[in-house]
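Hi,

Here is the structure I promised to pass on.

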Amino acid sequence: MKTTIPTLLAALALLASWATLQRAHATPETWTITGSMNSARSGHTATLLTNGKVLVVGGDGTSSAEIYDPATATWTNTDSMARPHDGAVTTLLVNGKVLVAGGNSTSSAEIYDPETGTWTDTGSMGGPRGGAVAALLASGKVLVAGGSVDGSTLSSAEIYDPATENWTSTGSMRSPRRNWPTATLLADGKVLVAGGHDGNDFSASAEIYDPATGTWTDTGGMGTQRGYYTATLLNTGKVLAVGGINSYGWHSSAEIYDPATGTWSSTGEMMFGARYIHAAALLANGKVLVAGGQGFGGRLSHAELYDPTTGTWSGTGSMTTARSSHRLTLLANGMVLATGGSDATSELYDFGTFTITLGASVHGEITGNSSPYLPGTTASLTATPDLGCIFTGWTGDATGNINPLTILMDSDKSLTALFTQDTADPDNDNLTNYQELVIHGTNPDLWDTDGDGFSDGYEVSTGYDPKSNTSSPDTRIAIYTAVEVEFGAGLGKTYRVESSTDLQTWTPVESNIPGNGGTITRLYSIRSIPHRFFRAVRETP
């Protein structure tokens with residue numbers, strides 16, 4: 001004889017009354033009570049609004065709704081729905097409004113407007129459905145599928161169009177056992193629906209809805225039949241299915257669906273054992289938080305994290321209150337809000353924040369956005385060298401010479417930027433860029449900063465100021481016999497002066513002389529040279 005779902009749940013509840021499971025785990029993360037709701041709720045919905053607040057609706061046969069404001073950690077009542085919608089689906093629309101549709105005993109749908117705090121009726125579905133699933137499609141329309149009415153499981157599906165406020169039927173699912181399944185919008189715009197039950201049997205099958213054709217196709221089935229479980233879209237585009245219940249009991253197992261292959265594969269077992277009617281949330285760092293639910297010991301407060309990069313589970317701080325049929329909502333600040341499931345209390349999960357420790361940098365500094373950082377966010381840092389210096393690389397938790405640097409904050413970081421003096425000498429005056437910019441204040445792109453006919457390097461070596469043409473070396477210094485070379489030099493051109501003793505072989509005396517658009521005069525010693533010839537040659541065209 002088949003065991004019905006109500007009978008199974010009663011048996012498991014009896015088992016939970018005396019069986020407990022405890023495992024040691026680290027608790028670096030914290031849960032803290034935040035303002036209590038105005039009404040105790042279980043089986044409600046929670047929606048993060050575009051303004052960062054959270055709308056909580058219904059549950060336990062109520063039509064009331066309220067708003068949580070993370071900025072003040074307070075709850076305030078908002079307009080109630082026209083009627084209760086137990087077992088309904090709730091969807092945040094593209095326009096920022098919220099659609100609540102159907103339920104165990106109604107086909108009606110209502111729209112909540114956060115701007116006015118009011119509800120208005122919109123088009124009704126083809127019939128009541130509770131325990132259905134919904135997905136916001138790329139088109140802005142909403143797919144609602146499955147569920148049940150009067151004990152009969154539905155395979156039908158329909159589409160809500162916010163532009164017309166009308167519902168239209170779309171292709172029916174291939175499986176009839178789709179009460180309380182899960183629906184996940186995939187990266188390609190298609191929808192994965194998996195698991196669920198028909199009142200007696202649970203399903204492991206899965207299928208894909210294609211909005212372009214309005215049709216359903218089978219895809220690989222899960223390794224385990226599951227109902228009342230969670231499905232979470234990972235940053236990789238894969239889907240994590242966790243826990244749940246079937247005719248044989250509840251489960252601690254988890255598996256991954258890969259849209260590229262259409263197959264499921266097992267991943268690590270939860271460390272705190274089996275749970276169902278729990279809640280899950282994708283964190284900013286890409287990990288998945290799973291908390292509460294029913295399990296051994298009854299209602300649970302245990303929470304744990306799944307790491308997609310390693311496929312492993314780790315314990316995290318326990319909730320202050322044991323909860324089931326509750327909701328987890330990721331807030332804009334990276335914290336997670338847990339609501340209801342046992343009473344009116346709510347609490348915040350704080351994964352913690354990470355910091356960057358900057359090492360002392362010589363000849364430069366690091367600028368950019370500052371600590372602390374939410375887990376999974378990205379830090380952007382720029383190495384800015386001092387005058388006359390250059391950036392050469394990073395050391396610490398990042399290496400290489402990419403600048404600006406972006407680094408994923410998945411732990412505390414320590415970074416130092418390396419700088420060195422700029423030893424380049426682009427104007428060939430025998431002074432490095434560092435010497436010119438920092439020590440002497442001259443122009444590293446000009447061989448003769450003050451245009452007095454003497455190179456900056458020569459003026460520095462002979463004790464004169466290369467920035468002022470009123471402080472010029474005496475042309476007679478160390479010159480006993482000299483020749484004067486004078487030539488016209490076009491602006492933007494470079495020249496060199498060469499010498500020869502036979503007018504056949506010429507040797508450079510001075511190169512890279514920048515033209516000034518006028519006449520350049522040079523003095524060159526011919527001491528101890530019997531005879532010597534000079535000529536000026538343009539180097540650049």
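Which residue stands opposite A109 in β8? That would be A101. Before going further, bear in mind that this is a predicted model.

The stretch around β8 is where I started. Strand β7 (residues 98-101) is joined to β8 by four bridges, and the two run antiparallel. On to β9 (residues 118-122): five bridges join this strand to β8, again in an antiparallel arrangement. There, T120 in β9 is the bridge partner of I111. β8 and β9 make a hairpin with four residues between them, and G117 in the turn has a positive phi of about 70°.

Is β8 buried or exposed? Five of the five residues in β8 (residues 109-113) are buried, so the strand is largely enclosed by the rest of the structure. Residues on both sides of β8 are buried: A109, I111 and D113 point one way, while E110 and Y112 point the other way.

Next comes an open sheet of four strands, ordered β10-β11-β14-β15 and paired antiparallel. Its edges are β10 (133-136) and β15; each has a single partner strand, so one side of each is left without a neighbour in the sheet. On average, neighbouring strands here are turned by 25° against each other, direction ignored. As for the pairing of β10 with β11 (residues 142-145), it is antiparallel over four bridges, and A135 stands opposite L143 in β11.

Now the aromatics. The count of aromatic pairs comes to 15. One of them is W250 with F296: the ring centres are 5.1 Å apart and the planes are at 90°, so this pair is edge-to-face, the cut-off for that being over 60 degrees. The pair links distant parts of the chain, as W250 is in strand β23 (residues 249-250) and F296 is in the loop between β28 (294-295) and β29 (298-299), 46 residues apart. W250 counts as buried because its relative accessibility is 10%, whereas F296 is partly exposed at 30%. Another pair, F454 and Y458, is stacked, with 5.7 Å from centre to centre and 20° between the planes. Of these two, F454 is buried, with a relative accessible area of 17%, and Y458 is partly exposed, with 31%. W250 and F296 turn up again in an aromatic cluster, together with Y276.

- The peptide bond from N403 to P404 is cis, with omega near 0°. P404 is in the loop between β38 (389-396) and β39 (405-408).
- E165 is not a glycine, yet its phi is positive, about 60°. This residue is in the loop between β14 (157-161) and β15 (166-170), and E165 counts as partly exposed at 37% relative accessibility.
- N430, also a residue other than glycine, has a positive phi near 70°. The loop between β40 (413-421) and α2 (433-440) is where N430 is found. With 72% relative accessibility, N430 counts as exposed.

Cheers

Technical notes:
Residues are numbered from 1 along each chain as its sequence is written. This is a predicted model: local features need pLDDT of at least 70, side-chain atom pairs count only at pLDDT 80 or more; totals for chains, interfaces and linings use all residues. Side-chain values use heavy atoms; hydrogens and water are left out. Buried means under 20% relative accessible area, exposed over 50%, partly exposed in between (1.4 Å probe, protein chains only). Two strands pair if DSSP finds at least two bridges between them. Axes are lines fitted to C-alpha atoms, for helices over the stretch in contact, and angles run from 0 to 180 degrees between N-to-C directions. Rings of Phe, Tyr and Trp (its six-membered ring) pair if their centres lie within 6.5 Å; planes under 30 degrees apart count as stacked, over 60 as edge-to-face and the rest as tilted.
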